[in-house]
Amino acid sequence: MAATTEAAPVPVHVPVPAETPANVPAEAPATEAVKVEGEAAKTSDAEAGAPVAEERSQQLRSSFKEESNFVSDLKESEKKALQELRVRVEEALKNNEFVEPPPAPPKSEERRKSTEGDKTDGVKEVVEVEEEKKTITETEVKAEAGDASKDKSPVEESKSTPAAPLTETPAAPVTETPPPVETPAGAQAEVPAAETAAEVTEAAPPAPPEDIYLWGVPLAPGKGDERTDVVLLKFLRARDFKVSDAFTMLKNTVLWRKKFGVDGILEEDLGHDWDGVAYMHGYDKEGHPVCYNVYAVFQDNELYQKTFGDETKREKFLRWRVQLLEKGIQEQLSFSPGGVSSMVQITDLKNSASTLGKKDLKQAANQILTLLQDNYPEFVAKKIFINASWWYLAYYTMISHFVSPRTSSKFVVARGAKVSETLFNMEV
């Protein structure tokens, strides 16, 4: 049933005082009167826009049709993009690019190391100068001693020399310490060949290419699994077949899954507190599994606090939501070119207006939405909102002009009698 439209309220005017001259402008209306009039006008306009939003939703309901995942059905430009992404992924796997780079050292640490290095260099220079002075002094002393021995008479030599056999010790040759060779700025000091060879010998062999899987599908195109192309096409379509952007998204997804520990999340016991918040149930007429999301359950304050009471609880709820999604994907999607590789999301907005307005819930919902958009591309075949109030329809009308036609065509908003009709047509 379409929303009823109320007549706009009669504008409120403040009469001009009788003593005000005709050529003097009247005072502005009272602030409160203007506020009431403005709020009433906004409400009326929004409710009036509800039928328009519902009509637009009905128009978009059957406009989206999933593309074929058979390579033979792709356009030539899409085939070229897919081949380029295959090559890029193979190179990245070979070079182990799907690894989190080491964190950069803090600036304070860099400054500390730089200062220590400068101090060490200064100490080295002082030591070198002192050693050079010491060498020169010893050389001069030895030279003077040699000259003195030459000036002595034979009698003096006999008196000063003990009776032991005379043996002459040749004076040590005087050697001058060559000055250190300065290395030009920007040039690298020469490393002995022996040291270089030792370093090469001691260097660890390169790590073998990492074996990466996404949702049970091998990421390496060289393995010959036809499901790999279906996964790569998801990232390409999410980025309008721009290879560089698609590869960046794919790499970020792999890194996020490692950091979040997604591959082992199905083994975690996260409890059953949120079984009524979201759950998988049934299929549509095209075989897509259906996931229901219900926000009204958070009217229970105990459940709300258990979910959003602190950061640890919110993180646990987020892991539970990812676990539910991963389980639905890995158990109910095939990723074969002719199979099902996406699902239907149904969000029930009944009695959820006050709940959705809570700060913690809005933040968590936005976090989940961002996470799904960034790491689960093209996994939604349809997004259906049921039991939507007039304010949500007005909101939908506003945002539908700012999203891409592809995304907008996946949205369906239904309220009143349209809920049963929508679900019946979907055959869920």
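Helices (H or I, at least four residues) and strands (E, at least two) are DSSP runs, numbered from the N terminus.

Ground rules next. What you're looking at is a predicted model, so local features need pLDDT of at least 70 and side-chain atom pairs count only at pLDDT 80 or more, while totals for chains, interfaces and linings use all residues. Residues are numbered from 1 along each chain as its sequence is written, and side-chain values use heavy atoms, with hydrogens and water left out.

Let's start with the sheet. Two strands pair if DSSP finds at least two bridges between them. For angles, axes are lines fitted to C-alpha atoms, for helices over the stretch in contact, and the angles run from 0 to 180 degrees between N-to-C directions.

Walk across it with me. β3 and β4 (residues 289-294) are antiparallel, with four bridges. Y279 has Y292 of β4 as its bridge partner, and Y283 stands opposite P289 in β4. The hairpin of β3 and β4 has five residues between the strands, and in it G287 takes a positive phi near 90°.

From β4 we step to β5, a parallel pairing over five bridges, where N293 stands opposite T347 of β5. β5 and β6 also run parallel, joined by six bridges, and V344 has K382 in β6 as its bridge partner. Finally, β6 and β7 pair in the parallel sense over three bridges; there, I384 is partnered with V412 in β7.

So which residues cover the two faces of β4? P289, C291 and N293 are on one side, V290, Y292 and V294 are on the other, and all are buried. That's six of six residues of β4 buried, so the strand is largely enclosed by the rest of the structure. β6 is largely enclosed too, because six of its seven residues are buried. As background, in a regular strand the side chains alternate between the two faces of the sheet.

Now, what packs on the sheet? Contact here means heavy atoms within 4.5 Å.

Helix pairs next. For the wording, angles under 35 degrees are roughly parallel, over 145 roughly antiparallel, 65 to 115 roughly perpendicular, and the rest oblique. The axes of α8 (residues 301-308) and α9 come within 5 Å and cross at roughly 95°, so α8 and α9 are roughly perpendicular. Q305, K306, T307 and F308 of α8 make that contact with K313, R314 and F317 of α9.

Compare α7 (residues 243-260) and α11 (residues 359-375): their axes come within 9 Å and cross at roughly 125°, so this pair is oblique. On the α7 side the contact uses M249, N252, T253 and W256, and on the α11 side L371, Q373, D374 and N375.

Last topic, the cores. A nonpolar core is a set of buried Ala, Val, Leu, Ile, Met, Phe, Trp, Tyr and Cys residues joined through side-chain atoms within 4.5 Å. The largest has 56 residues, and W215, L219, I329, F335 and Y376 touch the most other members. Elements giving two or more residues to this core are α2, α6 (226-238), α7, α8, α9 and α11, with α7 giving the most, eight residues. Apart from this core lies another, of 10 residues, among them Y292, V344, I346 and A414.

Leaving aside neighbours within four places in sequence, K79 is in contact with V71, S72 and L74.

Key: Buried means under 20% relative accessible area, exposed over 50%, partly exposed in between (1.4 Å probe, protein chains only).
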